[in-house]
Amino acid sequence: MSYQLYRNTTLGNTLQESLDELIQYGQITPGLAFKVLLQFDKCINNALSQRVKARVTFKANKLNTYRFCDNVWTLMLNEVEFREVHEFAKVDKVKIVACDGKSGEFN
C-alpha cells in the first residue's frame with residue numbers, strides 16, 4: 001500500500017470531493033471510489049519519486065518538534081529559509097513530513 005499523505009493536497013482533496021459527488025449521484029460505487037483513491041496514491045508516489053529532479057535546501061532557526069513513527073519523520077520548524085539555485089524564500093513556520101521515497105510503500 002502506498003503512502004496516502006498526498007490525499008491532503010489540493011489535487012487529492014478535489015479528487016475525493018469529485019468521487020463523493022459521483023457516489024452521491026449513484027454514478028459509481030464506494031468500492032470503485034476506493035480503488036480510484038488507491039490508484040491515485042500509487043501514481044502520485046511513483047510520479048514524485050521518478051520525475052521530480054529539483055533539489056531544494058533549507059535551513060531553520062529552530063527545530064520546534066520532531067517525531068519518528070511508522071518510518072515517517074515529522075518535523076515542525078520555525079523561521080525557515082528555502083533555497084533553490086536562484087530562488088529564495090523565507091517562512092515563519094513549516095511542517096515537513098518525510099517518508100522513504102525509495103520504496104514508496106507504507107508498512
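The exercises below work through a predicted model of one chain, from its overall layout to single residues.

Residues are numbered from 1 along each chain as its sequence is written, and side-chain values use heavy atoms, with hydrogens and water left out. Because the model is predicted, local features need pLDDT of at least 70 and side-chain atom pairs count only at pLDDT 80 or more, while totals for chains, interfaces and linings use all residues.

**Exercise 1. Overall layout**

Task: State which secondary structure elements the chain holds and in what pattern they follow one another.

Solution. Step 1: helices (H or I, at least four residues) and strands (E, at least two) are taken as DSSP runs, numbered from the N terminus. Step 2: on this basis the chain has two helices and three strands. Step 3: read along the sequence, they give the pattern α-α-β-β-β. Step 4: the chain's radius of gyration is 17 Å, well over the 13 Å that the globule rule gives for 107 residues, so the chain is more spread out than a compact globule. The radius is taken over C-alpha atoms, and the rule is 2.2 Å times the number of residues to the power 0.38. Step 5: the C-alpha trace spans about 50 × 30 × 25 Å along its principal axes.

**Exercise 2. Domains**

Task: Find where the domain bounds lie and how far apart the C-alpha centres of the domains are.

Solution. Step 1: the bounds come from an automatic or database domain assignment. Step 2: domain 1 covers 3-49 and domain 2 covers 55-97. Step 3: their C-alpha centres lie 27 Å apart.

**Exercise 3. Two residues**

Task: Decide whether asparagine 78 and glutamine 24 are buried or exposed, and place each in its element.

Solution. Step 1: buried means under 20% relative accessible area, exposed over 50%, and partly exposed in between (1.4 Å probe, protein chains only). Step 2: asparagine 78 is in strand 2 and is buried, at 18%. Step 3: asparagine 78 is the bridge partner of lysine 62 and stands opposite lysine 93 in strand 3. Step 4: contact means heavy atoms within 4.5 Å; leaving out residues up to four places away in sequence, asparagine 78 touches Ala60, Asn61, Lys62, Asn64, Asp92 and Lys93. Step 5: glutamine 24 lies in helix 1 (residues 10-24) and is exposed, at 64%. Step 6: the C-alpha atoms of glutamine 24 and threonine 10 are separated by 21 Å, with the two residues 14 apart along the chain.

Conventions: Two strands pair if DSSP finds at least two bridges between them.
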